[in-house]
Amino acid sequence: MLGEGILKGLAETAKNFAGSFVSEERLTTVEYPEQRLPQIENTRDFPFLVYDGDDAMAGLRCVSCQICEKECPPKCIYITKSADKKPDYVGKAQFYPTRFDIDVSVCMSCQICVEVCPFEAIKMDTEFELSTEDRFGGLILDRHKLAKSNEYYHQIHPTEAAEVDARLAEEKAKVEAKAKAAAEAAAAKAAADAAAKGTADATAKAAESAAKSAEGQA
Amino acid sequence: MKSAAELLDELQGAMPGVKLALATNPSPSAQHSLVVAAEDALRVAVYLRDVAGYDYCSNATGVDWLDKETTEKVKTTRRVKKEVDGVEQEVDETVEETVKRVEPGCLEAVYHLYSMRQGPHDPHPPLVLRMRTANRTDRVELPSLSPVWRAAEFQEREIFDLYGIVFKGHRDLRRLLMWDEFEDHPMRRDYVDPDDFEYEPTPHDEVLKRAEEHRAKLAAEGAR
Amino acid sequence: MTTAEMKSGIDSGIKSYLPPVIEVEAENELLEVAMGPHHPSTHGVFRMDVALDGERVVRLKPVFGYLHRNHEKLAEGTTYLASMPYTDRLDYFCSMTNNWAYALAVEKLAGLEVPERAEYIRVITAELTRVQNHASAIGFLMQEMGASGTPLMYAFREREKILDLFEALSGSRMMCNYMRFGGCRVDLPEGWLERTKKIVAELPRFIDEMEALLTGNEILMARAQGVGVLSPELAVNAGVTGVMLRATGVNYDVRKVDHYGIYDRFSFRVPLGEHGDIYDRYMLRVLEMRESVKILEQALPQIPDGPILDPKSKPRGFRPKPGEAYGRIEAPKGELGFYLISDGSGNPYRYRVRPPSLINLTILEDMCLGQNVADVVLIFGSVDIVLGEVDR
């Protein structure tokens, strides 16, 4: 019969229309921004810098190695390296960024900066409501705006952050164990030397060298 | 399907005097290619399509090979007249010279051919067919293979647009992606971007250089 | 230019496949219409310069390049890895398959091995991509036919579920940037397989619904059957691939031909058309969705544990040995190929995308000549293109 297909199709739409009043599954839209969908854990949009501790600028993990700047496909990261060094989370003196800008209007959220970063310093945020009237002021995030605490990172990506923390703790433990072993070996050697020579002077020297080697190992 | 080397023999047997060469590919993919001279390209292509069964041209593209300047030390032996012990003799003399050689670059059109006729039972690597222009500047003409494989029609237009290879016998050779008034060929390796400065807050490399030049120019104009 | 003129330029013995030349009685009475660049039927910016004799199309020239950004040149100036996110933006409906095609070409170039688990993940994501692409393609086709909204919204409702899966897996809904050379970036998150199984189990119901809505519809039949017919000989010669080719009855599916990935482990059929018209293309998309569901049903329970990345692959300092490789896969739109030449440095010397969308448009003129102008919109829609890939 001509028109049968059309009627069948209309029955299907009617079913969906009526169904949307009773079944949640058929009513798929939400009233954004009043209503929001729950965040999916792996969601990424723009990068941010992770810091440890309370002081954002002192605790930045970034050592200004500029790998992300080089690898960034649309070249939206701009870093200036510091002249001096400050200690990082394992206590080793490192450079830090005096300027770290990300132009989020150019950023394409590809996550390559996160992948190439050897220091777990840059991660992906989930904040997406960034619209602003000012293209150059509002969309270029400097290091103050980019810095977010490790706790925040745990909040948005709990699984990933736990993995990262475990990895960093392991690394730190390894470094400390190595330093300790080196210090002990040096101290033992120095003690043996001191015993042989019998001078009090040598013990002080050994302690100094042990400290030095520990620093060097770190 | 036959390998590129076997096809080379077959083609040379079927068309005596055809100018063909095998270009080997050292990568793990081992997709070797046939380099065909421009004047023989059309009849080789027709043979490949109608006899060898390569009825499907998957990909056609251009490659730009710049002029390569190589310097190498060459030992040459010459016969030199020399006085040895007061008697004039001809002696072999070996001289080491640094030779600067410029390998002329070329534009290359590359075609990847498959066979649809063979169907799904015979997986085979693509047959890569290459043609080279005489140089990169004025002798950039190649025969169009789009009469043989229509699939090359838009792709050859694209090569013409981006590399500047002129395909003779193409039914409608116009720019494909750039606008008609555009002059250069942007995919060439020595293409220089037009000097249109655009402010960028996070400049790098060349953009940074250009931004600095632009700023200097502005400052000079301001001083004046 | 007529056929005769064209033939004079070349060796006249060659059998060429050219569009028909339509005789016009009064050349100066033709109406020239520029369809596009902004037009309801174009899914992006694309223009057709059409000459009309009454309602009949007598000439048609597609004009490209409105979205051209020279993706290939960008890729030559950057590392291999940095081009991966750009491939997402070629055919932005199917970023997973784009990623796969590029990764496949690089793996051929550098000789990387893909672990088994990663191969399974690739098949699963690619088939999910195919389902959502075909569903939306049908939706867009109906939109162009005048069925504003309903089929497209039904398709998007399903697509949304699949995109949520992609977001849970890769972090992004459309720009996945998920595959890496020699595997995938991250492992499946917890509970992802179960959710996917649930969604895949519901897909046949959705396809049935779509078919109940459309397949027997008289308006669709009247407008699609016998319109935009393509012959198999022309389709093969013009390098048309994907659904467009198989609708003409040519049995050519790269999944079956190349056995890339692990497709030879799954049993699925390649649906073929008979007439090569718009209706066949519609029907084939429906059938391919069903076959994709079949593959997914086989792949999801089989997926093994193990690593997901070749240990030889590394994010920084990737330098393949000199050489070249061409890798291709069966993307939802057709055969997507990547051609790479390495000179041993960190950047590719030549990087080429073989865009199925562009090459499938080669025969647009042939299909439209002699048809009514209203059908041009439909024929163009049935090709299923994305301008991001056409113009690159």
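**A chat about three chains**

Modeller: To begin with chain C of this predicted model: strand β2 (residues 47-53) and strand β3 (residues 56-63) of chain C pair in the antiparallel sense, with seven bridges.

Colleague: Which residue is the bridge partner of C:Met48 in β3(C)?

Modeller: That partner is C:Pro62.

Colleague: And how many residues lie between the strands in the hairpin of β2(C) and β3(C)?

Modeller: There are two residues between the strands, and C:Gly54 in this hairpin takes a positive phi near 70°.

Colleague: Let us turn to the interfaces. How many residues does each side give to the contact of chain C and chain B?

Modeller: Chain C contributes 60 residues and chain B contributes 54 residues.

Colleague: What area do chain C and chain B bury between them?

Modeller: They bury about 4700 Å², and carbon and sulfur atoms account for 55% of it. On the chain C side, C:Glu324, C:Tyr326 and C:Tyr349 lose the most area to chain B, together 14% of what that side buries.

Colleague: Why give an area at all?

Modeller: The accessible area lost when the parts come together is often used to give the size of an interface.

Colleague: How many salt bridges are found across the interface of chain C and chain B?

Modeller: The rule finds six salt bridges there. One of them joins C:Glu365 to B:Arg171, whose closest N and O atoms are 3.4 Å apart. The interface of chain C and chain B also has 32 residue pairs in polar contact, counting pairs with both residues at pLDDT 80 or more.

Colleague: Which element gives the most to the side of chain C that touches chain B?

Modeller: Strand β6 (residues 323-331) of chain C does, with five residues. By class, the side of chain C that touches chain B has 30 nonpolar, 12 polar and 18 charged residues.

Colleague: Now chain A. What is the contact between chain B and chain A made of?

Modeller: Seven residues of chain B touch 11 residues of chain A. The area buried between these two chains is about 680 Å², with 66% from carbon and sulfur atoms. The chain B side of this contact consists of three nonpolar, two polar and two charged residues.

Colleague: How many salt bridges are counted between chain B and chain A?

Modeller: The count is zero.

Colleague: Finally, where in chain B is confidence lowest, and where is it highest?

Modeller: Confidence in chain B is lowest in strand β4 (residues 68-84), at a mean of 73, and highest in helix α3 (residues 152-162), at 90. Chain B as a whole averages a pLDDT of 81, and 93% of its residues score at least 70.

Methods. Residues numbered from 1 in each chain as written. Chains lettered and ligands numbered in written order. Predicted model: local features only at pLDDT ≥ 70, side-chain atom pairs only at ≥ 80, totals over all residues. Heavy atoms only, no water. Contact = heavy atoms within 4.5 Å. Buried area = accessible area lost by both parts, 1.4 Å probe. Salt bridge = Lys/Arg side-chain N within 4 Å of Asp/Glu carboxyl O. Nonpolar A, V, L, I, M, F, W, Y, C, P; charged D, E, K, R; others polar. pLDDT = per-residue confidence, 0-100. Helix = DSSP H or I, 4+ residues; strand = E, 2+ residues; numbered from the N terminus. Polar contact = N/O pair within 3.5 Å; in protein donor to acceptor, adjacent residues only side chain to side chain. Pairing = 2+ DSSP bridges.
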